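I would ask everyone to have the sequence and the structure in view as I speak.

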Amino acid sequence: FARMFVQVCLYFYCKCLWRCLKFVVRKLTGQCELQRICYNTKPGAARTMKIEASLKGSKSKRLQTSVSVHPDAIEKTIDDIMELKRINPDVNPQLGVSLQACLLQIVGYRNLIAEVEKLRREPYDSENPQHEEMLLKLWKCLKPNSPLKARISKQWCEIGFQGDDPKTDFRGMGLLGLYNLVYFAEWDTEIALQVLSDSLHPKYREFTKKEISQFSKAEWEKKKFDKAIGYSFAIVGINITDLTYNLLVSGALKTHFYNVAPEAPTLTHFQQTFCYLMHEFHKFWIEEDPLDIMEFNRVREKFHKRILKQLQHPEMALCPHFAASESLINM
């Protein structure tokens, strides 16, 4: 109880002290916190995340709710903020532009989560012609020279599905898994085909004498006729979709999206990020050289931690020039 009491006291003390400091700084500089952030922090994740924290931490309800307005209401919201903070837009014309860009990113990120969540919750329906069309498109992109003999077929295993009917594999991620796989196969075809080929035909590797001497007998028995372990392409794609989804929902991808999307991040940005993570995971899998496929969860978790660590840097952009992002660059 004593510890809780001390923590509560410290919380209110720091909160009051922080508000007092903000008041003093405003009087000394003649600028509110939003002005100081926009004028002293360059555009990108660093600025947008500070603006977001400032608005959410404000004692004003109008400022708190400004991060969740409809995109069409952003201009009106900026006017309200300027009025509330008593900032003359004619004297500070750039401030409104900077705040608008930040709010577009903040609101866009929230809307992107909602859009991605909607796709994730929508189950694959084999009675839906659009769903079936997308699934067949995935096959054509990955196996252009091998016609699919039947809708229910063992051939689906050739691109990494577990059974005769891929629809059962989409249960965890719904349509989101299919959307991502199709995007990868369509917009980054060369890398997608290479990853698929490697997963089906992993290359044999040679071991140095030093490596051999470090293997236990059991490990050597496993490895001496083994190769870089392959995996099921489509299943791993759905799994990396789950990883990308969790990075988005947790807020970890804010750093990346606020640095690469000058305005609101879109579903295309999300899919482009998935393509990058698929490619990076494939390289990471080869580097890790697992003993068998049972190590997948360990490798995935290690990869997840690596990406999280990268995203902690405020200037981090995972894939600003990745092949799948060319469509965004040209827009």
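Let me begin with Asp80, which counts as partly exposed because its relative accessibility is 21%; here buried means under 20% relative accessible area, exposed means over 50%, and partly exposed lies in between, with a 1.4 Å probe and protein chains only. The model is a predicted one, in which local features need pLDDT of at least 70, side-chain atom pairs count only at pLDDT 80 or more, and totals for chains, interfaces and linings use all residues. Residues are numbered from 1 along each chain as its sequence is written, and side-chain values use heavy atoms, with hydrogens and water left out.

The side chain of Asp80 meets that of Arg62 in a salt bridge, at 3.8 Å from N to O; a salt bridge is a side-chain nitrogen of Lys or Arg within 4 Å of a carboxyl oxygen of Asp or Glu. This pair links distant parts of the chain, with Asp80 in helix 5 and Arg62 in helix 4 (residues 61-64), 18 residues apart. Helices (H or I, at least four residues) and strands (E, at least two) are DSSP runs, numbered from the N terminus. Arg62 counts as partly exposed because its relative accessibility is 44%.

With that pair in place, I turn to the whole protein. It has 16 helices and zero strands. Of its 331 residues, 45% count as buried. The protein exposes about 18,800 Å², and carbon and sulfur atoms supply 56% of that area; accessible areas come from the Shrake-Rupley method with a 1.4 Å probe, and for residues only the protein chains shown count as cover. Contact means heavy atoms within 4.5 Å. Among the contacts with a separation of 6 or more, residues 24 or more positions apart account for 68%.

How many salt bridges does the structure hold? The count is 18. One of them joins Lys254 to Glu52, with the closest N and O atoms 3.0 Å apart. Lys254 lies in helix 13 (residues 254-260) and Glu52 in helix 3 (residues 45-56), so this pair ties together parts that are 202 residues apart in sequence. Are the two partners buried or exposed? Lys254 counts as buried because its relative accessibility is 16%, and Glu52 counts as buried because its value is 6%.

Another salt bridge is formed by Arg298 and Glu288, whose closest N and O atoms are 3.1 Å apart. Arg298 belongs to helix 15 and Glu288 to helix 14, and the pair, 10 residues apart, links distant parts of the chain. Salt bridges that share partners join Glu288, Glu295, Arg298 and Lys302 into one network.

Next, the nonpolar interior. A nonpolar core is a set of buried Ala, Val, Leu, Ile, Met, Phe, Trp, Tyr and Cys residues joined through side-chain atoms within 4.5 Å. The largest such core has 83 residues, and those with the most contacts inside it are Ile51, Leu99, Leu138 and Leu178. Helix 6 contributes the largest share, 11 residues.

Not counting residues up to four places away in sequence, Leu178 touches Tyr124, His131, Met134, Leu135, Leu138 and Phe170.

Helix 6 also holds Glu117. This residue is buried because its relative accessible area is 16%. The C-alpha atoms of Glu117 and Met173 are separated by 9.3 Å, while the two residues are 56 residues apart along the chain.

Helix 2 (residues 33-40) is mostly covered, with six of its eight residues buried. Those buried are Glu33, Leu34, Gln35, Arg36, Ile37 and Cys38.

Arg86, in the loop between helix 5 (74-84) and helix 6 (93-121), has a phi near 55 degrees, a positive value in a residue other than glycine. Asp289, in the loop between helix 14 (267-288) and helix 15 (296-311), has a positive phi of about 50 degrees although it is not a glycine.
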